[in-house]
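I opened this notebook to keep track of what I looked up, strand by strand and residue by residue. The entries follow the order in which I asked my questions.

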Amino acid sequence: MTADVVRLRPPMNRVSPRALWYWAARAAVLWIVLLVPQVIWWFADSEGWKHLVVGVVWLVLAAVHLVVMPQWRYRVHRWEATDTAVYTQTGWLSQERRIAPISRVQTVDSERGPIEQLFKLANVTVTTASAAGPIKIDGLAVADADQLVADLTTRVGQTTGDAT
């Protein structure tokens, strides 16, 4: 007797292509913060060639990170909202899939921080009665986020139950 195996397909929708630039910009800020002490150390030390070598290695690592990470995340990050559930796939080193039934949704929020506004992106957070915490969909185009929030709000309002 064999058990039926359920295979999940990836969620259908990708995040906005502008999320590539958003993720790269956030990573660039991190690398700049990490490289500034290296440059100061290089100028302060009399044997600057050693620091130059270390600095070049850091720059290569930064360049690889800034090019590879956004592309990888874009291929992985997906989302989908149906009449019955919200389904996400996120991550780049560690990948996670989350499914929340509409009947378990408690709140739907949209957020646009200063950097997201610069890239015309928004994030949607779907809070459920789950101990795993909310489901977050980052990197959506503003219009897509607004539509998703409106659609989920309507679906949740039509669902009977108390989302617990």
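How many of the eight residues of strand E6 (residues 121-128) are buried? I noted first that I am working with a predicted model, and then I counted seven of the eight as buried, so strand E6 is largely enclosed by the rest of the structure.

Next I looked up the partners of E6. I found that strand E5 (residues 105-111) pairs with E6 in the antiparallel sense over six bridges, and that Glu111 stands opposite Asn123 in E6. I then turned to strand E7 (residues 135-141), which pairs with E6 over five bridges, again in the antiparallel sense. There I found Leu140 of E7 as the bridge partner of Ala122. Between E6 and E7 I followed the hairpin, which has six residues between the strands, and I wrote down that Gly133 takes a positive phi near 95 degrees there.

I also looked for a sheet made of the strands numbered E1 to E4, and I found four strands in an open sheet, in the order E1-E2-E3-E4, with antiparallel pairing. Its edge strands are E1 (13-14) and E4 (96-101), each of which pairs on one side only. When I checked how E1 is held to strand E2 (residues 78-81), I found two bridges joining these antiparallel strands, and I noted that Asn13 stands opposite Trp79 in E2.

My next entry concerns Arg155, which I located in helix H4 (residues 142-158). Is Arg155 buried or exposed? I recorded a relative accessible area of 18%, and because buried means under 20%, Arg155 counts as buried. Its side chain reaches the backbone oxygen of Thr82 at 3.1 Å, and leaving aside residues up to four places away in sequence, I listed Ala81, Thr82, Asp83 and Ile102 as the residues that Arg155 touches.

Last, I turned to the surface and looked up a nonpolar patch, which has about 910 Å² of accessible area together and includes Val39, Trp42, Phe43, Leu52 and Trp72. The elements that give two or more residues to this patch are helix H1 (18-44) and helix H2 (48-76), and I noted that H2 supplies the largest share, seven residues.

Notes:
Residues numbered from 1 in each chain as written. Predicted model: local features only at pLDDT ≥ 70, side-chain atom pairs only at ≥ 80, totals over all residues. Heavy atoms only, no water. Buried < 20%, exposed > 50% of the residue type's maximum accessible area, 1.4 Å probe, protein only. Polar contact = N/O pair within 3.5 Å; in protein donor to acceptor, adjacent residues only side chain to side chain. Contact = heavy atoms within 4.5 Å. Patch = residues over 30% accessible without salt bridge, like charges linked within 9 Å, V, L, I, M, F, W, Y side chains within 5 Å. Areas by Shrake-Rupley, 256 points an atom, 1.4 Å probe, with all protein chains shown as cover. Salt bridge = Lys/Arg side-chain N within 4 Å of Asp/Glu carboxyl O. Pairing = 2+ DSSP bridges.
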